[in-house]
Amino acid sequence: MKLRRKVALITGGTEGIGFATAKLFLKEGATVVISSRSKEKGAKALRRLRRIGKVQFVQGDVARAADARRMVEQTVREFGRLDILFNNAGVYLQRFAENMTEEEWDWLIDTNLKGTFLVSKYAIPQMKRQGGGVIINNSSDAGLVGNRECPAYCASKGAITVMTKAMALDYAKMNIRVN
């Protein structure tokens, strides 16, 4: 029960790494809020996760400021605090650069990078008010060494890695750990 009395918000928490993390956090005693763009995926994940612990769902797109803000505000309104933010929402697209449209580039960068920024932006003031917290940003080895046929994905994950380092330096003195 390492996370007892902790409240966690997990973006992209309805499947994959986010869902597995939600299960683990619940087993460790956390109260968890998961988010996704899909209401259907949210309902399905809630049915499974409620067997383990206290969990809520908030629908929204991390790439939209109003949705990112609402995810944080709803978590705090419902549970009074936000101790852990796991910026996990992300998308992947395999394309050579010359075959990628500007819309595809924007969609991937907005979801992966801008979404990580936006949810963090709205979580940080709450964490400062309560005396600290933890922000976990999901990146990839593709952001360190690159992979074939996915320049936008690699760019987004590389940017997340460096943004995380910069935020860790900025917020450590405020007892907010960014990893």
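Helix H4 covers residues 102–129, and its 28 residues reach 39 Å from the first C-alpha to the last, close to the 40 Å expected at 1.5 Å a residue (the expected span being 1.5 Å times one less than the number of residues). Helices here are DSSP runs of H or I with at least four residues, strands are E runs of at least two, and both are numbered from the N terminus. Keep in mind that this is a predicted model, where local features need pLDDT of at least 70, side-chain atom pairs count only at pLDDT 80 or more, and totals for chains, interfaces and linings use all residues. Residues are numbered from 1 along each chain as its sequence is written, and side-chain values use heavy atoms, with hydrogens and water left out.

**Helix H4 up close**
- H4 has a kink of about 40 degrees, centred on Lys114; the bend at a residue is the angle between axes fitted to the seven residues ending there and the seven starting there.
- After H4 comes Gly131, with a positive phi near 95 degrees.

**Strand E5 and its partners**
- Strand E5 (residues 133–137) has 4 of its 5 residues buried, so the rest of the structure largely encloses it. Buried means under 20% relative accessible area, exposed means over 50%, and partly exposed is in between (1.4 Å probe, protein chains only).
- E5 pairs with strand E4 (residues 84–87) in the parallel sense, over 4 bridges; strands pair if DSSP finds at least two bridges between them.
- Looking at individual residues, Leu85 has Ile135 of E5 as its bridge partner.
- Getting from E4 to E5 takes the chain through H4, and this β-α-β crossover is right-handed. That label applies if, with the strands pointing away from the viewer, the path from the first strand over the helix to the second runs clockwise.
- E5 also pairs with strand E6 (residues 176–178), again in the parallel sense, over 3 bridges, and here Val134 has Arg177 in E6 as its bridge partner.

**Strand E2 and Ser35**
- Leaving out residues up to four places away in sequence, Ser35 touches Ile10, Thr11, Gly12, Gly13, Thr14, Phe57, Val58 and Met71 (contact means heavy atoms within 4.5 Å).
- E2 runs parallel to strand E3 (residues 55–59), joined to it by 5 bridges, with Val32 opposite Val55 in E3.
- Together with helix H2 (residues 39–49), E2 and E3 make a right-handed β-α-β unit.

**Lys165**
- Lys165 sits in helix H6 (residues 151–171) and is exposed, with a relative accessible area of 54%.

**The whole chain**
- The protein chain holds 6 helices and 6 strands, running β-α-β-α-β-α-β-α-β-α-α-β from the N terminus on.
- Its radius of gyration is 16 Å, close to the 16 Å from the globule rule for 179 residues, so the chain is as compact as a globular protein of that length. The radius is taken over C-alpha atoms, and the rule is 2.2 Å times the number of residues to the power 0.38.
- Along the principal axes, the C-alpha atoms fill a box of roughly 50 × 40 × 30 Å.
- Of the 179 residues, 51% count as buried.
- Among contacts between residues at least 6 apart in sequence, 65% join residues at least 24 apart.
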